[in-house]
Amino acid sequence: MIRLSKVIEAIETLYPLSFAEEWDEPGLIVGDLNSQIQRIVCVSDPTISAVDRALSMGANLLVTHHPLFFKAVHGVSNETVRGEIVQRLISNNCALWVGHTNADVAWRGVAHAAAEYFGLHNLRPIVVSKQIDSAGRNIGLGRIGVLDVPISLRDFAQNVFNVLPHTKVGVQVAGNLDAKVSTVAVLPGSGESLLDEVRKEKVDVYVTSDLRHHPALDAIERAKYESKLRLSSGEDYIQHTYPMIINTSHSAIESLWFTYAINDIADCIEEMYGECPEVAWLGEACDPWNYVIN
């Protein structure tokens, strides 16, 4: 077994807290730095069911992407669900570490993992951060990349659906299903705020989550209209409608990160300290919707 303080030092080498947005507070939320860690379990959200599953697996450390607390907290009694989660973690000697926006932007982080799972290469951030990582690489929000071979929007959307953890809501697609896709922007999580940045990049498709009706409709209507203007000047309408949109489950697309993180965390701890606890992923997306009618 290895001390929690060493495990946290290794994890934060991969996903430095300095990478986080100013409003975000990732890092160690619950835990005794002197405690011994034998098993780490990863999952996207610290829900009660996820915590209970991790504890049943003997977890000493739970690593999540989404925070337990998004707002200021003035008590952690079990009068509230989050307080109950804290109580269960403490009573079972299990720590909680959150990698949120710091993991979003990192090399082999949330956006990087999703982009590679969708078959993209030559990756670069949509929005480059002011910082670089310890290897001198650019980091930042989202990723833009290129497919090896252009395929139809229909086939690309199917590929996205196939690699995501299963959810009832699946994926939603806006665009010409027969249009060819070559360049893709990916922003796991809420990507509405970057619609304009993605449009400026002239990518074929934008894959993200949590798009509301009006911003998504406006983006597609604008893309169609501008493509018709280009058509009038002799360009191909089908090939130049951008960006088309694929909307995914928030937790599903972000969960792909853990397929990288379980190995990267284990390797980093081993490299730094010559020993490593077991690292596992629950393999589920903590999506709130359990029934869909369509």
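The model is predicted: local features need pLDDT of at least 70, side-chain atom pairs count only at pLDDT 80 or more, and totals for chains, interfaces and linings use all residues. Residues are numbered from 1 along each chain as its sequence is written, and side-chain values use heavy atoms, with hydrogens and water left out.

- Helices (H or I, at least four residues) and strands (E, at least two) are DSSP runs, numbered from the N terminus.
- In strand β6 (residues 95–98), Ala 95 and Trp 97 point one way, while Leu 96 and Val 98 point the other way.
- All of these residues are buried, meaning under 20% relative accessible area, with exposed over 50% and partly exposed in between (1.4 Å probe, protein chains only).
- Strands pair if DSSP finds at least two bridges between them.
- Strand β2 (residues 27–30) runs antiparallel to β6 and is joined to β6 by three bridges; Val 30 stands opposite Leu 96.
- Strand β5 (residues 61–64) pairs with β6 in the parallel sense over four bridges, and Leu 61 stands opposite Ala 95.

**Salt bridges**

- The structure holds 11 salt bridges, each a side-chain nitrogen of Lys or Arg within 4 Å of a carboxyl oxygen of Asp or Glu.
- In the salt bridge between Glu 278 and Arg 39, the closest N and O atoms are 2.9 Å apart.
- Glu 278 lies in strand β15 (residues 278–281) and Arg 39 in strand β4 (residues 39–43), so this pair ties together parts 239 residues apart in sequence.
- Glu 278 is partly exposed at 41% relative accessible area, and Arg 39 is partly exposed at 27%.
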